[in-house]
Amino acid sequence: ADYRNLTTDEKNMLQTMVDEQYNSFINIVAKNRNLTVDYVKKIAEGKPYTGQQALNNSLIDRLGGKDYAIELAANKSNMSYYNVLDYGTGLGFFGI
């Protein structure tokens with residue numbers, strides 16, 4: 001095979017990079033959602049949330065679907081006219 005196991009130094013370097021990005025993400029979420037860093041760390045464990053759970057945890061402002069998201073984006077960009085192209089769902093993640 002054309003690979004080798006990582007050395008301890010390489011593993012440590014990669015882990016440091018992941019930790020830095022994780023901490024940056026936590027701080028950005030805390031700042032932009034007006035939450036404490038400790039609170040965000042408590043709920044940000046890499047698990048998915050339903051829309052209702054995200055709302056309950058102050059991670060989103062309201063529930064809505066694709067149409068609401070498109071309307072919100074158009075309003076925030078002061079667009080009075082826009083065209084939406086829907087390319088469908090494709091084959092999905094696994095090409096099924």
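Visitor: Let's start with contacts. Which residues does Lys41 touch, leaving out those up to four places away in sequence?

Guide: A contact list tells you who sits beside whom once the neighbours along the chain are set aside. In this predicted model, Lys41 touches Tyr22, Asn23 and Ile26. Lys41 itself is found in helix H2, which covers residues 37–43.

Visitor: Is Lys41 buried or exposed, or something in between?

Guide: In between. Buried means under 20% relative accessible area and exposed means over 50%. Lys41 has 40% relative accessibility, so it counts as partly exposed. Now try Glu20, which lies in helix H1. Its value is 52%, and therefore Glu20 counts as exposed.

Visitor: And what about a buried case? Where is Asn57, and why does it count as buried?

Guide: Look in the loop between helix H3 (51–56) and helix H4 (66–76), where Asn57 is found. Asn57 counts as buried because its relative accessibility is 17%.

Visitor: Which residues does Asn57 touch?

Guide: With residues up to four places away in sequence set aside, Asn57 touches Leu35, Tyr39, Ile43 and Tyr49.

Visitor: Next, charges. How many salt bridges are there?

Guide: A salt bridge pairs a side-chain nitrogen of Lys or Arg with a carboxyl oxygen of Asp or Glu, and the cut-off is 4 Å. The count for this model comes to four. One of them joins the side chains of Glu10 and Arg4, at 2.7 Å from N to O. Glu10 is partly exposed, because its relative accessible area is 23%, while Arg4 is exposed at 53%.

Visitor: Which residue forms a salt bridge with Asp61?

Guide: That would be Arg33, with the closest N and O atoms 2.8 Å apart. This pair links distant parts of the chain: Asp61 belongs to the loop between H3 and H4, Arg33 belongs to helix H1, and 28 residues separate them. Asp61 has 64% relative accessibility, so it counts as exposed. Arg33 has 24%, so it is partly exposed.

Visitor: How far apart are the closest N and O atoms in the salt bridge of Glu45 with Lys47?

Guide: They are 3.5 Å apart. As for exposure, Glu45 is exposed, with a relative accessible area of 55%, and Lys47 counts as partly exposed, at 44%.

Visitor: What about rings? How many aromatic pairs does the count give?

Guide: Zero aromatic pairs. There is still a ring to look at, though. Arg62 lies over the face of Tyr68, at 3.8 Å from the ring centre.

Visitor: Last topic: backbone angles. What is the phi of Asn34?

Guide: Start with the general idea. Most residues other than glycine have a negative phi. Asn34 is not a glycine, yet its phi is positive, at about 55°. You'll find Asn34 in the loop between H1 and H2. It is exposed, given its relative accessible area of 71%.

Visitor: Where is Asn78, and what is its phi?

Guide: Asn78 is found in the segment after H4. Its phi is positive too, at about 55°, although Asn78 is not a glycine. With 71% relative accessibility, Asn78 counts as exposed.

How values were computed. Residues are numbered from 1 along each chain as its sequence is written. This is a predicted model: local features need pLDDT of at least 70, side-chain atom pairs count only at pLDDT 80 or more; totals for chains, interfaces and linings use all residues. Side-chain values use heavy atoms; hydrogens and water are left out. Helices (H or I, at least four residues) and strands (E, at least two) are DSSP runs, numbered from the N terminus. Buried means under 20% relative accessible area, exposed over 50%, partly exposed in between (1.4 Å probe, protein chains only). Contact means heavy atoms within 4.5 Å. Rings of Phe, Tyr and Trp (its six-membered ring) pair if their centres lie within 6.5 Å; planes under 30 degrees apart count as stacked, over 60 as edge-to-face and the rest as tilted. A charge sits over a ring if NZ of Lys or CZ of Arg is within 6 Å of the ring centre and within 35 degrees of the ring normal.
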